Structure formats: structure tokens, C-alpha cells
Amino acid sequence: RSFGRTKADTSHLRKHLSAFLAMKKLDVSPKSYQSYQSKTRLFAMWLEVNGYGQIKLHQITNDMVSEFFSHLINERQLDKTSVAKYRQNIGSMFRFFKSKKLIAEIPMNDLPRSNKVSNAGARHITDRDMYRYLEYLLQHDEQLFLASMFQMFLLIRPNRELRLLKVQDLD
């Protein structure tokens, strides 16, 4: 189901979720906004698929939220970190609803926790491969060589940190 504005949409959650996401869009980075958007919308879709689509916000119970988290852990097989991110984003949504006096209590008590640990760390680069990489860059792309040196020796990330680096940032 689409999250666009349609006349037939009578979902109470969707209406207020849009207000929450509009507020978050102003407060957080684009990447964080995408996280809030995807996780809260998945929760809304899960409610609809499981027969809770037309209920009011104050009718969402702790049992429903707990059932959603069980779904994330058991069916989607999410790891501990991913489930914690869902808890954070959906909790933020419910805190927003409470601040707007749309709900009296936040229905997120004693939720199931995932014990699954995922090792998604990158494989290390061998000294031999690093030497070959830097030799190649030195001969073919001096700017990328310089960017690589900044990343390795200053321990900065390639996107925003490297792009916004200024001379006065260096000691």
C-alpha cells in the first residue's frame, strides 16, 4: 500500500505518522530521516496487514507492539542492533504522539529483545593490497591518492567528513 495522500485513506496512524515524519525531516539528517521513515512505515504496514489498520492511536496496545517486535526478531531474523534501531525510532514516534496528547501512555514496555549478533564488519585490507592500491593511485589519480591518505591517517570517513574537511581542522 502506498503512503501517498489518498481520499480513501482513513488510517488514524498514517495521518499522524505524516506529521511526525514532517517534524523529523526538519530535525535530523537525510539518512536518519530515511531510517525513521522506513521503520515507522513498516510498523504502520504491519498493523494494517495484521488487521489493526483502522484503529485509533490510543487503541495501539503494548501487546500489538510486542507482536511487531516478535515479528522482526523471529520472522525477519533481525539482529540486536537493527531491533534496537526500530525500538528507538518507533519509541520516538510514540513520544511525539504523547507530546501532542494523542496517546496517554507509550505502549513499549517489556518488548522482546533479539540476541542475534551480526558481524557485518568489513574485511581488513592486507598490507600487500594496500601497497598495490596506493602505488596505482600515485601513478594514475593523485587526488584520490590524497583522499585515501587523509582517510587512512586521519581516520575520517570518505563522504561527509572528507568532503567538508578544512585546512584549519588539521593540527
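Reader: What makes Arg157 count as exposed?

Author: This is a predicted model, in which local features need pLDDT of at least 70 and side-chain atom pairs count only at pLDDT 80 or more, while totals for chains, interfaces and linings use all residues. Residues are numbered from 1 along each chain as its sequence is written, and side-chain values use heavy atoms, with hydrogens and water left out. Relative accessible area under 20% is called buried, over 50% exposed, and in between partly exposed (1.4 Å probe, protein chains only). Arg157 has 56% relative accessibility, so Arg157 counts as exposed.

Reader: What makes the pair Glu161 and Arg157 a salt bridge?

Author: The term requires a side-chain nitrogen of Lys or Arg within 4 Å of a carboxyl oxygen of Asp or Glu. The closest N and O atoms of Glu161 and Arg157 are 2.5 Å apart. Glu161 is at 30% relative accessibility and therefore counts as partly exposed.

Reader: How many salt bridges does a search of the whole structure find?

Author: The search finds 2 salt bridges. One of them joins the side chains of Glu48 and Arg14, at 2.5 Å from N to O.

Reader: Why is the pair of Glu48 and Arg14 said to tie together parts of the structure?

Author: Glu48 lies in helix H2 (residues 30-49) and Arg14 in helix H1, so the pair ties together parts that are 34 residues apart in sequence. Helices here are DSSP runs (H or I, at least four residues), numbered from the N terminus. Arg14 has 4% relative accessibility and so counts as buried.

Reader: Why are H1 and H4 called roughly perpendicular?

Author: Helix H1 (residues 12-27) and helix H4 (residues 80-99) pack at an angle of about 105°, with their axes 10 Å apart. The axes are lines fitted to C-alpha atoms over the stretch in contact, and angles run from 0 to 180 degrees between N-to-C directions. Angles under 35 degrees count as roughly parallel, over 145 as roughly antiparallel, 65 to 115 as roughly perpendicular and the rest as oblique. H1 and H4 are therefore roughly perpendicular to each other.

Reader: Which residues make the contact between H1 and H4?

Author: On H1 they are Leu13, His16, Leu17, Ala19, Phe20, Met23 and Lys24, and on H4 they are Asn89, Ser92, Met93, Phe96 and Phe97. Contact means heavy atoms within 4.5 Å.

Reader: How do you know that His16 is buried or exposed?

Author: His16 is at 15% relative accessibility, so His16 counts as buried. Apart from neighbours within four places in sequence, His16 is in contact with Leu57, Phe96, Phe97 and Leu102.

Reader: What is the span of H6 set against?

Author: The expected span of a helix is 1.5 Å times one less than its number of residues. Helix H6 (residues 142-154) has 13 residues and reaches 18 Å from its first C-alpha to its last, close to the 18 Å expected at 1.5 Å a residue. Phe145, Ala147, Ser148 and Met149 of H6 are buried. Their cover includes helix H5 (127-140) and helix H7 (160-163).

Reader: Where is Lys101, and why is Lys101 called exposed?

Author: Lys101 is in the loop between H4 and H5. Lys101 has a relative accessible area of 73%, so Lys101 is exposed. The phi of Lys101 is also positive, near 60°.

Technical notes: Helix = DSSP H or I, 4+ residues; strand = E, 2+ residues; numbered from the N terminus.
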